[in-house]
Amino acid sequence: MAFKIASSPHINTRSLTSGVMFRVVLCLIPGIGAQTYFFGFGTLVQLALAISVALTAEALVMVLRKRPVMSTLSDNSALVTASLLAIAIPPLAPWWMIVIGVLFAIVIVKHLYGGLGHNVFNPAMAAYVLLLVSFPVQMTSWVAPQSLAINPADLNSSLQVIFSHSATMTSEYFQLGYDAVAMATPLDTIKTDLSMGLTATESLHKAIFSGSVGVGWFWVNICYLLGGLCLLKMKVIRWQISTAIIVSILICSGFGFLISPDTHVSPLVHIFSGGTMLAAFFIATDPVSAATSPRGRLIFGAMIGVLIYVIRTFGGYPDAVAFAVLLANMCAPFIDHYIRPRTYGHRSGNAL
Amino acid sequence: MLTLLEQLDKGTLWHSPGGIHPPGLKTTSNTQSIKRLPLAKEFIIPIPQVGDLATLTVKLNDHVLKGQMLTNGKGFTYLPVHAPTSGKIKAIEKRSSNHASGLPVLCCVIEPDGEETWTPLQADQASLLSNDAIINKIKDAGIAGMGGAAFPSHIKLNPASDINLVIINGVECEPFITSDDRLMREHANEIIDGVKIIHQLLKPQRIVIAIEDNKPQAVASMQKSIETLTLDDCKIRVTVIPTKYPSGGEKQLIQIITGNEVPSGAIPAQLGIVVHNVGTAYAIQDAVTNGKPLIERVVTLTGEQIGQPGNYWIPIGTPIKHALQHTAFQAQTQQKMIIGGPMMGYAIGELQVPILKGTNCILAPSNNEIGPDLPEQACIRCGECAVACPALLLPQQLFWHAKSEEFEKAASYHLQDCIECGCCSYVCPSDIPLVEYYRIAKSALKNVAHEKKQAEQAKLRFEARLKRLDDEKQAREAKSKAAADKRKQSMSSNDKDAVALAMARIAAKKKASAAEPGTESSTTANKKASVNAAIERAKAKKAAKAAQTDGPSVVIPSANTDTAVTDNTDVDPKKARVAAAVARAKAKKAAQANPQPEANLVSQSQISSVTATDSENTATPVIADSAEYAVVDPKKARIAAAVARAKAKKAAQANSPSSAQSTAEAVQIKTKQETTTETTDPLSSAVADNTQISEKTVIADSVDNAIVDPKKARIAAAVAKAKAKKLAQSQPKSHQPANQEVVSNDAVDNARVDTVQELSSSQPAIGTNEAPAMAELDDKKARIAAAVAKAKAKKLAQQQQKD
Amino acid sequence: MLSSILIAVAVLTAIALVFGILLGFASQKFKVEGNPIVDQAEALLPQTQCGQCGYPGCRPYAQAIANGDKINKCPPGGTATMEKLAELMGIDPQPLDEAVADNTKKVAYIREDECIGCTKCIQACPVDAILGAGKLMHTVITKDCTGCDLCVEPCPVDCIDMVEVKTDLSNWDWKLTHQPIQVLSAQQYEDKRC
């Protein structure tokens, strides 16, 4: 007579990796909605494309690695990676860009490092950087907000733009024919204007900012913030990284703004434009490539925040989320090694 | 700023990090009062393993009384075990243990007589006893921590340092378990009596009874029983702590109550704190005031698969199967049977295991209660485990290193401070059995540490040995030097005389030793003979070895006939004797006539002349003995022995010039006595001339003996087996020595060849031949002989492999 | 022009001086007595003192390793020890000379009723783990036995066996998955229930 043997504990919260990942995707929905509303259907097309490519690539790799396919696919981690990359790249970027990006993220960044849980870098951000340095023109030509566009891109024209075949044609499409459709992001605009000798305040008077931090961008960031708060509430992520990023950006940009308001934009512009909120709640909090201890996460987040500000202000790229996250990823093992919680019983206790 | 003691009095609670809130599921079992089950058909009492100093005080089939001590021991951590009921010791054997490993341990199995007769109990009033007397009573009652760890309580009650705070642990934070809850509700006064005894022993300033807030009735009941209680210089209070797992862990509870942490690797007593379980307090009271040893405890039987869940007083040693049968247990597919709670309990694979002192719960959950075991997935480093860890470890890092078997790195992340509470596994979204990894890593680390310690020990012993050998050598040298000096001084004139004298002494000694066995009574002769035989055999073996290593020139004509073997079935003792004499004479002649082949053989065996004569001297009495036992006449035996000895002596004298000849003689002498068993064989005389008779004798002997005595038959069989083995080994060898190729007739012949080889090189045959003969008198020798045969077979095999 | 040359020379000299002093200081401060490699190598060896490496004990072999001998001569240590030695010495792992079939820990056991009391094994034992006297039965002190095998060969009656150290509760390795698991359905359970 024998019974089933297993190690204790015999009960579990029944929270699953797939559930965690799925909740991340769910919480992205408000942000995706806002992005679609302000920048057209391109985002949704990219999303569909990215997800299908990601799942196919993941399945193929698992077959090649002789691992169970279905259980890996159902952990939803590829879904998260694909979604993050899809919303990070310009909505009307040509189709092959997202395909290359997703393949790079899944095959090289994730599985060549040993699969889920073993990747050093955040796959979505690594792929974003690859695309950014390989195809700078396409990657920096963001869509104009629907309200400002002369010809707002509907679903049809979005598909047409994304799936047009020739690379040159696409770039021409952006630069010439649809000049009103494509334009620089607010951060890019500021950067260009500052280099041209304009003051930050003058730059902010441009139409794209409509007096605040940029048309659409503010709301997109607010939606990501909401989604992020939901994640916090569901305890999918912990508060340390997100808080550290936002606070450190606020502090740095606040300093800059106080010292030289002419050459530095306000902290509000920094945290509500570009990918700040997306990075703070969805990208930097990717547990695999982040630091793991609570204090370590604070340091990790603060590092990302400072890097974002430094690169935005002094670097060559208008937005710096991807670079900041990758640089922090590199430091994560180092942080983990040195920042450990003080284990129970390892402090100088005093007797009664 | 309040002092810690004041804060204790206020009931201040401190934060304890981590922890989880699993569903309690306690109502399954805590609604009814504690019941009893009918007596089991047998009780299994594991004999204490700790300290290795315990001895059983009972024997098989002894009758024991309820509460009778079954073991005796001395060690510091030793705890006696007691008979849980009166009855008979049915067996003392290895049984499956109530342990995650299920490895068998030595147990005393008691068959109850149903009378439940108590052994005389010594009831006392605790306040009248000295502390030592109380400690002794507690120790003799075998009281161990009842919370699960089963640490001997008397050690905790007799600490080296002063104790300021005693915490009585009624937290019971694991889901499902309610045994302490029910005990506190129903036996609060007894528990408080136990607390009083603890107070008397430890004289703490404060006693805190800690209970989780999900047990309001227990709190009320304990509260009520301490209302009237007054203790000298000590305040006692019930502190209600919030429900959180694992608040009931000793370290966590201390942190919650005092805010202090037990330093890593230390015990709470170093902080002036001692924690006792409520069940332990109850048992202490029972042991001291009633004199009852710890032979039963409250066990929670719960889970959806148990028809009548609840708490039961169950005698320790009751098989779990019995308890389940009486509580309407229904197994389902993939049933898990958990001892302890779902968080820290272990699953057992076998139900015929006993309830132990630390068994607080038997959980038979249904699959929806605990959920299925999901396959392990990749760690996504979500860090939830680090948040849940009450010891503030980094479980994912520990897992990482434990999985890749880098145990030292895991240790550098303080693996040893893991309390195995299971919180990390509980929250893990990837369903990684983290605790299992940690346990494996911990046990590996423990084994590594043990090995290291052993290696150090070995090194020390090795060095000590080298030193000893060196010292001995030096001492010897000094001694011989001194002796040489002395000799030099007295050497002046009569040194030659001295040498002659010494030689004479040695000769006399030799003579005496040769004469001894014959003159002694037959039994002592036997003994001596057996020792000699052993030595002889050893030599023979070595000779055989030597012969085999350079044996190409051993040429053995296989002229034997099988008739020799079968013919000597019925031997007339008288005829045998006569024939023996004849054979001896012939053998002698044969030896003189053709020493050449013999010499040839023996020269292969490379025995020096000294050993040859030696072996002869010692062998002769043996031969004589065995020969005469066969004839069954002690008197004649003596005579024959004398004759043999005389011959041996003569042979020795004659053969001194050549070693080869001497050994030849020796073999001949043996041959002679061996032929006694085959005298009726007409061929034997012819064979006797041949150098190979001895081999045949062996076979003859074994066949012969087989008829005489079943015992001998067995031995003979063993010998035969050994030979068969050798035969098997000799066959692959056939490609090298030419002589062996010659003898490729059949299996039997081959076997003989081998034996001959050995015999000719002076004498396993004695072993095989003599052993059966003496079997009636000494069965031990027979065994030795068998062992030798086996040994030979083995060594032969090795040799052949090497060749 | 000349002055700049002089300055360069002076600076270089100063730097050389500073580093020289630093180095001298470091060599004093972090001085290591003896040859640490030998001690470290010895610490890795299993201390069975079996002599299977061809050296009389573990320390001599450790010295030989430090002097460049092969690291694959220790069968009792097995591959694990060899790998650790390779790491210590910073060389490539070398496969063991003979295939070490099993690396299970063994100890010697004397079948006591067959022992004739010859003391040969006592003399052979490198760690004095065999107890006995001439013509009296011998026995192995199991906890001190290193399992070196050296006592087996000299025994004239071959009564010494190398027996595997059994797993018991004190050295069980918690590998639950290595236990035979048998899953019974309720029906089977009912059938088996006696």
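User: How many salt bridges does a search of the whole structure find?

Analyst: The search finds 33 salt bridges over all chains. A salt bridge here is a side-chain nitrogen of Lys or Arg within 4 Å of a carboxyl oxygen of Asp or Glu. This is a predicted model, in which local features need pLDDT of at least 70 and side-chain atom pairs count only at pLDDT 80 or more, while totals for chains, interfaces and linings use all residues. Residues are numbered from 1 along each chain as its sequence is written, chains are lettered from A and ligands numbered from 1 in the order in which they are written, and side-chain values use heavy atoms, with hydrogens and water left out.

User: What does B:Lys235 meet in a salt bridge?

Analyst: Its partner is B:Asp9, at 3.5 Å from N to O. B:Lys235 sits in strand E10 (residues 235-241) of chain B and B:Asp9 in helix H1 (residues 4-10) of chain B, so-called distant parts of the chain, 226 residues apart. Helices (H or I, at least four residues) and strands (E, at least two) are DSSP runs, numbered from the N terminus.

User: What about B:Lys409?

Analyst: B:Lys409 forms a salt bridge with B:Glu406, and their closest N and O atoms are 3.8 Å apart. B:Lys409 is partly exposed at 44%, and B:Glu406 is partly exposed at 30%. Elsewhere, B:Glu42, B:Lys90, B:Glu93 and B:Arg95 are joined into one network by salt bridges that share partners.

User: Switching to strands. In what order do the four strands of the open sheet in chain B come?

Analyst: The order is E2-E7-E6-E4, with antiparallel pairing. Two strands pair if DSSP finds at least two bridges between them. Strands E2 (43-46) and E4 (63-64) of chain B are at the edges, each with a single partner strand, so one side of each has no neighbour in the sheet.

User: How many bridges join E6 and E7?

Analyst: Nine, between strand E6 (residues 87-96) and strand E7 (residues 104-112) of chain B, in the antiparallel sense. B:Gly87, for instance, has B:Pro112 in E7(B) as its bridge partner.

User: Now chain A. What is its secondary structure?

Analyst: Chain A has 17 helices and two strands. Of its 352 residues, 58% count as buried.

User: How do H1 and H12 of chain A cross?

Analyst: The axes of H1 (residues 17-39) and H12 (residues 217-233) of chain A come within 8 Å and cross at roughly 170°. Axes are lines fitted to C-alpha atoms, for helices over the stretch in contact, and angles run from 0 to 180 degrees between N-to-C directions. H1(A) and H12(A) are therefore roughly antiparallel. Angles under 35 degrees count as roughly parallel, over 145 as roughly antiparallel, 65 to 115 as roughly perpendicular and the rest as oblique.

User: Which residues make that contact?

Analyst: Among them are A:Cys27, A:Leu28 and A:Phe38 of H1(A), and A:Trp217, A:Val220 and A:Leu231 of H12(A). Contact means heavy atoms within 4.5 Å. By class, the residues are 15 nonpolar, three polar and one charged. Ala, Val, Leu, Ile, Met, Phe, Trp, Tyr, Cys and Pro count as nonpolar, Asp, Glu, Lys and Arg as charged, and the others, Gly among them, as polar.

User: Last one: where is B:Cys389?

Analyst: B:Cys389 is in the loop between helix H11 (384-388) and helix H12 (395-403) of chain B. B:Cys389 counts as buried at 9% relative accessibility. Leaving aside neighbours within four places in sequence, B:Cys389 is in contact with B:Pro17, B:Gly18 and B:Pro395. B:Cys421 is 32 residues from B:Cys389 in sequence and 8.5 Å from B:Cys389 in space, C-alpha to C-alpha.

Conventions. Buried < 20%, exposed > 50% of the residue type's maximum accessible area, 1.4 Å probe, protein only.
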